[in-house]
Amino acid sequence: MVRSVLKSGFRIAAMLAAILVAACLYKYRSVNAKTVFDKYYTSYDLSRLRGDGIRDSLEEAYKNKDWNKVVGLYNNESSQNAKYYFLAGMADLELHQYPVAIEQFEAVLSENAIKHDNYFKDEAEYFLAFSYLMNNQSGKALQLLSKIRQNKNHLYYPSADQMSEIDLKILGLKSK
């Protein structure tokens, strides 16, 4: 009788272990840069735009989600600043032009470093992480997201903090 109970207990434990292993394997196989991007990415809301309230044609094109027009206006603009780099980077990100988006977001950070300013710094870091992610540079994306998750004063801390630690760890394992 005792052996029968033990045998049933071992069977149940083996089934639970098999289910757990299958769930872990499924999770590992299903997490990749694209799934993390799709799950956590939300486009930049122009209502958050900083400035004096005067909208120019680049901002209007961005507001209308005319990404090609944003890029065209940016390319024709002679005096680019952090706002223009950022909006062009967002348009490139929306157009799946990840290497160009990376250049734009890095330009925001470079300009801020030169001018000792933080204009669009938090935004550029957050969306740069997503650009890295989609450009198969998960290691760089995870470094930025880790930096954001450690800084409770970062504008995108709440968004980054809501990302699944398991998903990020799996991405880290896969990027090595």
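A residue is taken as buried when its relative accessible area is under 20%. In this predicted model, Tyr41 has a relative accessibility of 15% and therefore counts as buried. Phe127 is also buried, with a relative accessible area of 1%.

The structure holds 17 aromatic pairs. One of them joins Tyr41 and Phe127, whose ring centres are 6.0 Å apart and whose planes stand at 80°, so the pair is edge-to-face. Because Tyr41 belongs to the loop between α2 and α3 (57-63) and Phe127 to helix α7, the pair ties together parts that are 86 residues apart in sequence. In the pair formed by Tyr119 and Phe120, the ring centres are 4.6 Å apart and the planes meet at 70°, so this pair is edge-to-face. Tyr119 is partly exposed, at a relative accessible area of 26%, whereas Phe120 is buried, at 0%.

Helix α7 (residues 121-134) also packs with helix α2 (residues 33-40): their axes come within 9 Å and cross at roughly 150°. The crossing is left-handed. On the α2 side, the contact is made by Ala33, Lys34, Val36, Phe37 and Tyr40, and on the α7 side by Tyr126, Phe130, Leu133 and Met134. By class, this contact of α2 with α7 comprises 8 nonpolar residues, 1 charged residue and no polar residues.

Mean pLDDT for the protein chain is 90, with 94% of residues at 70 or more. Within the chain, confidence is highest in α7, at a mean of 96, and lowest in helix α1 (residues 2-30), at 88.

Conventions
Residues are numbered from 1 along each chain as its sequence is written. This is a predicted model: local features need pLDDT of at least 70, side-chain atom pairs count only at pLDDT 80 or more; totals for chains, interfaces and linings use all residues. Side-chain values use heavy atoms; hydrogens and water are left out. Axes are lines fitted to C-alpha atoms, for helices over the stretch in contact, and angles run from 0 to 180 degrees between N-to-C directions. Helices (H or I, at least four residues) and strands (E, at least two) are DSSP runs, numbered from the N terminus. A crossing is left-handed if the near helix is turned anticlockwise from the far one by less than a right angle, and right-handed if clockwise. Contact means heavy atoms within 4.5 Å. Ala, Val, Leu, Ile, Met, Phe, Trp, Tyr, Cys and Pro count as nonpolar, Asp, Glu, Lys and Arg as charged, and the others, Gly among them, as polar. pLDDT is the predictor's confidence in each residue, from 0 to 100. Rings of Phe, Tyr and Trp (its six-membered ring) pair if their centres lie within 6.5 Å; planes under 30 degrees apart count as stacked, over 60 as edge-to-face and the rest as tilted. Buried means under 20% relative accessible area, exposed over 50%, partly exposed in between (1.4 Å probe, protein chains only).
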